[in-house]
Every structure is written in structure tokens, then in C-alpha cells.
Amino acid sequence: MSAAPADEAGPEGRSLGKLFASATAEMSALVHEEIALAKAEVREDVKRAGAGSGAIAVAAVLVLFSLPVLSFAAAYGIHNLGLGLAWSFLIVGVAFLVLAALLGLLAKAKFKKIKKPERTIASAKQTAAVLQGVKPHPRPAVASVDGVKAIASGNATDVKV
């Protein structure tokens with residue numbers, strides 16, 4: 001049983017080596033294009049996640065730094081209008097909670113817009129479907145170190161299992 005030489009012409013007039021090189025180059029290009037597509041889709045989602053995270057950060061900064069100072073100022077301002085001091089503080093506290101809730105809803109809306117990379121997944125599934133029909137060429141089984149030497153020298157019939 002002899003193998004065909006690498007320079008033997010195929011059905012279209014191209015050698016087997018050229019066909020293999022072409023297939024390898026096309027497979028490499030396909031993998032690089034799918035990686036580029038995945039990067040582009042993930043980049044869009046990272047921007048959306050950044051906007052949502054920014055809204056959460058702004059809400060946290062508002063609550064932590066301005067709440068005590070503005071709460072006292074607003075409560076005493078309302079108290080000066082004639083309302084009791086306890087009611088004044090309650091009104092201010094509820095107003096800040098409503099503001100934080102609105103910012104939280106904005107962040108939630110931004111996070112809901114994040115999508116999985118659908119085009120990349122579809123492309124990868126399509127590639128996998130094409131490659132499922134491709135079967136590798138069988139390779140001779142090597143049982144020992146002597147077998148490797150026999151295959152490398154071209155005397156594969158000398159291999160003992």
C-alpha cells in the first residue's frame with residue numbers, strides 16, 4: 001500500500017500539498033475572523049456594562065457623601081417653614097431614597113440591554129457543523145520507541161506490538 005506523492009495533481013489540477021495549504025490558510029482566516037467578531041460584540045456589551053456601573057457609582061456617591069449634609073440642611077429648612085423637626089427629617093430621607101431608586105432603575109435598564117454575542121455563537125455553530133463531517137486521516141499506531149524509529153526510517157513493517 002503506497003501513499004500518493006505530495007506533488008501529484010488533484011481533480012482540479014492542483015497538487016495535494018497546495019490543496020492542504022489552501023484549506024489550512026482558509027481555516028486560519030476563519031478562526032481569526034470569528035475571534036474579531038467576538039471581540040467586537042463583547043466590546044459593545046462592555047460599554048453598556050460600563051454605563052450601568054457608572055450609574056450605580058453615581059448613586060452610591062450621592063448617597064454616601066451628600067446625604068448627611070443635605071439631609072440636615074433640607075430638614076432644618078423645612079422645619080423653618082413651620083413643620084415639626086421629625087417630619088422634616090422624614091420628608092428629606094424619603095426624597096433621597098426615591099432619587100436612589102430612580103438611579104437604580106436606570107442602571108437595571110442599562111444592564112438589561114447587554115446581550116450575548118449571538119453572531120459569534122451562530123458562526124461558531126455553523127463552523128462546527130461543517131467540521132463535523134471532516135474526519136482525520138488514520139495514523140499508524142506506534143507501540144514502542146523502536147516502532148517510532150521504524151516508522152521514521154520507512155520500515156513500518158518491522159514494528160512489533
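## Glutamate 33 and the basis of the model

Glutamate 33 has its place in helix 1, where helices (H or I, at least four residues) and strands (E, at least two) are DSSP runs, numbered from the N terminus. At 55% relative accessibility, glutamate 33 counts as exposed; the classes are buried, under 20% relative accessible area, exposed, over 50%, and partly exposed in between (1.4 Å probe, protein chains only). The C-alpha atoms of glutamate 33 and threonine 120 are separated by 9.6 Å, although the two residues are 87 residues apart along the chain.

The model is predicted, so that local features need pLDDT of at least 70 and side-chain atom pairs count only at pLDDT 80 or more, while totals for chains, interfaces and linings use all residues. Residues are numbered from 1 along each chain as its sequence is written, and side-chain values use heavy atoms, with hydrogens and water left out.

## Overall architecture

The secondary structure of the chain consists of four helices and zero strands. In sequence order the pattern is α-α-α-α. Of the 161 residues of the chain, 12% count as buried.

The accessible surface of the chain comes to about 12,600 Å², and 69% of this area belongs to carbon and sulfur atoms. Accessible areas come from the Shrake-Rupley method with a 1.4 Å probe; for residues, only the protein chains shown count as cover. Contact means heavy atoms within 4.5 Å. Among contacts between residues at least 6 apart in sequence, 49% join residues at least 24 apart.

## Packing of helix 1 and helix 2

The axes of helix 1 and helix 2 come within 9 Å and cross at roughly 170°. Such axes are lines fitted to C-alpha atoms, for helices over the stretch in contact, and angles run from 0 to 180 degrees between N-to-C directions. Helix 1 and helix 2 are therefore roughly antiparallel to each other. In this scheme, angles under 35 degrees count as roughly parallel, over 145 as roughly antiparallel, 65 to 115 as roughly perpendicular and the rest as oblique.

By class, the contact of helix 1 with helix 2 has 25 nonpolar, five polar and two charged residues. Ala, Val, Leu, Ile, Met, Phe, Trp, Tyr, Cys and Pro count as nonpolar, Asp, Glu, Lys and Arg as charged, and the others, Gly among them, as polar.

## Aromatic cluster

Two aromatic pairs are found in a search of the whole structure. Phenylalanine 72 and phenylalanine 89 form an edge-to-face pair, 5.4 Å centre to centre with 80° between the planes. This pair links distant parts of the chain, with phenylalanine 72 in helix 1 and phenylalanine 89 in helix 2 (residues 85-112), 17 residues apart. Phenylalanine 72 is partly exposed at 47% relative accessibility, and phenylalanine 89 is partly exposed at 28%.

Tyrosine 76 and phenylalanine 89 also form an edge-to-face pair, 5.7 Å centre to centre with 80° between the planes. Tyrosine 76 lies in helix 1 and phenylalanine 89 in helix 2, so this pair ties together parts that are 13 residues apart in sequence. Tyrosine 76 is partly exposed, with a relative accessible area of 41%. Phe72, Tyr76 and Phe89 form one aromatic cluster. Rings of Phe, Tyr and Trp (its six-membered ring) pair if their centres lie within 6.5 Å; planes under 30 degrees apart count as stacked, over 60 as edge-to-face and the rest as tilted.

## Further sites in the helices

Aspartate 45 is found in helix 1 (residues 16-80) and is buried, with a relative accessible area of 12%. Leaving aside neighbours within four places in sequence, aspartate 45 is in contact with Ile114, Lys115 and Lys116. Lysine 110, in helix 2, is partly exposed, with a relative accessible area of 32%. Lysine 110 and serine 53 are 57 residues apart in sequence and 8.8 Å apart in space, C-alpha to C-alpha.

Alanine 124 belongs to helix 3 (residues 118-132) and is partly exposed, with a relative accessible area of 34%. Its C-alpha atom is separated by 9.7 Å from that of leucine 30, 94 residues apart along the chain.
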